[in-house]
Amino acid sequence: MVTLRKTGLLLGALMVLGMGAKAQDEVEATVAADIVSQYVWRGQDLGHASLQPTLGLSYKGLSLTGWGSIGISEPKDTKEFDLTLSYTTGNFNIGITDYWFDYNDGGDRYFEYAAHKTNHVFEATVGYDFGFATLQWYTNFAGADGTNKDGERAYSSYVEANVPFKLAGCDWNATVGAVPYATSFYADASNFAVTNVSLKASKDIKITDSFSVPVFAAVTANPSTEKAYFVFGLTLQP
């Protein structure tokens with residue numbers, strides 16, 4: 001799991017989406033946590049070193065996932081709690097995510113949904129796995145979305161392609177993501193903008209004969225903001 005989210009976004013959600021690719025006959029549970037050196041999401045810097053837990057249930061392609069993030073090195077980092085409901089059939093998947101952000105160190109209310117007051121963002125996604133690559137589209141449809149050039153709700157969107165491959169004993173993933181039109185939600189993208197170009201490598205580190213720890217490292221560049229990030233992390237799971 002990575003949290004580049006929320007490559008992260010979202011990873012808790014992505015992890016359970018992956019579980020749903022094969023319909024199982026029994027309910028399966030996911031309990032895990034990432035520890036990352038920096039929280040980078042879709043080419044955006046969202047915080048310092050963080051702990052990011054995942055709790056998920058899946059059954060016959062349907063999955064419900066909870067994912068969170070809390071700062072370790074900087075406790076004042078924005079706290080996050082996301083819920084994703086998704087369904088996968090064959091190579092096709094759809095889903096809805098409720099992102100919630102606590103900007104005031106515990107002062108924001110979770111059950112505040114009023115317009116112009118809520119810290120929730122609701123996003124719909126649709127995607128397809130081509131085998132050699134995946135393509136996913138995301139659009140905010142409610143909540144605290146960004147605005148376009150006219151100051152109106154942007155229905156902010158993001159599209160991402162991922163290509164997995166194996167090399168030198170590691171699992172690799174190459175990502176290209178872009179914002180298709182103007183929105184203040186993604187670092188004030190004024191038009192179409194490539195916001196995420198990343199390369200991630202992961203490998204299981206064997207601790208004992210029955211226990212290993214997945215570790216990963218990722219280099220991410222955001223051509224739109226001219227920023228670059230290097231993230232290291234590890235995943236703890238039963």
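This report walks through a predicted model of one protein chain, from its overall build down to single residues.

**Ground rules**

Residues are numbered from 1 along each chain as its sequence is written, and side-chain values use heavy atoms, with hydrogens and water left out. Because the model is predicted, local features need pLDDT of at least 70 and side-chain atom pairs count only at pLDDT 80 or more, while totals for chains, interfaces and linings use all residues.

**Confidence**

pLDDT is the predictor's confidence in each residue, from 0 to 100. The chain has a mean pLDDT of 90. Of its residues, 89% reach 70 or more. Contact means heavy atoms within 4.5 Å. Where pLDDT is low, the predicted coordinates should not be read in detail.

**Overall build**

The chain holds one helix and 14 strands. Both are DSSP runs, numbered from the N terminus: helices are H or I with at least four residues, strands are E with at least two.

Two strands pair if DSSP finds at least two bridges between them. Strand 6 (residues 79–89) and strand 7 (residues 92–102) pair in the antiparallel sense over 11 bridges. Which residue in strand 7 is the bridge partner of Phe81? That partner is Trp100.

The chain has 238 residues, and 45% of them are buried. Buried means under 20% relative accessible area, exposed over 50%, and partly exposed in between (1.4 Å probe, protein chains only). The accessible surface of the chain comes to about 12100 Å². Carbon and sulfur atoms account for 63% of that surface. These areas come from the Shrake-Rupley method with a 1.4 Å probe; for residues, only the protein chains shown count as cover.

**Salt bridges**

A salt bridge is a side-chain nitrogen of Lys or Arg within 4 Å of a carboxyl oxygen of Asp or Glu. By this rule the count is five. The table lists some of them.

| Pair | N to O distance |
|---|---|
| Arg109 and Glu112 | 2.4 Å |
| Lys166 and Asp171 | 2.4 Å |
| Lys206 and Asp209 | 3.4 Å |

How do the partners sit? Arg109 is exposed at 59% relative accessible area, whereas Glu112 is buried at 15%. Lys166 is exposed at 67%, and Asp171 is partly exposed at 36%. Lys206 is exposed at 60%, and Asp209 is exposed at 75%.

Thr175 lies in strand 11 (residues 170–179). Is Thr175 buried or exposed? Thr175 counts as buried, because its relative accessibility is 5%. Leaving aside neighbours within four places in sequence, Thr175 contacts Glu160, Ala161, Asn162, Asn196, Val197 and Ser198. Thr175 and Asn196 are 21 residues apart along the chain, yet their C-alpha atoms are separated by 7.2 Å.

Ser198 belongs to strand 12 (residues 193–208). Ser198 is buried too, at 9% relative accessibility. Not counting residues up to four places away in sequence, Ser198 touches Asn173, Ala174, Thr175, Val219 and Thr220.
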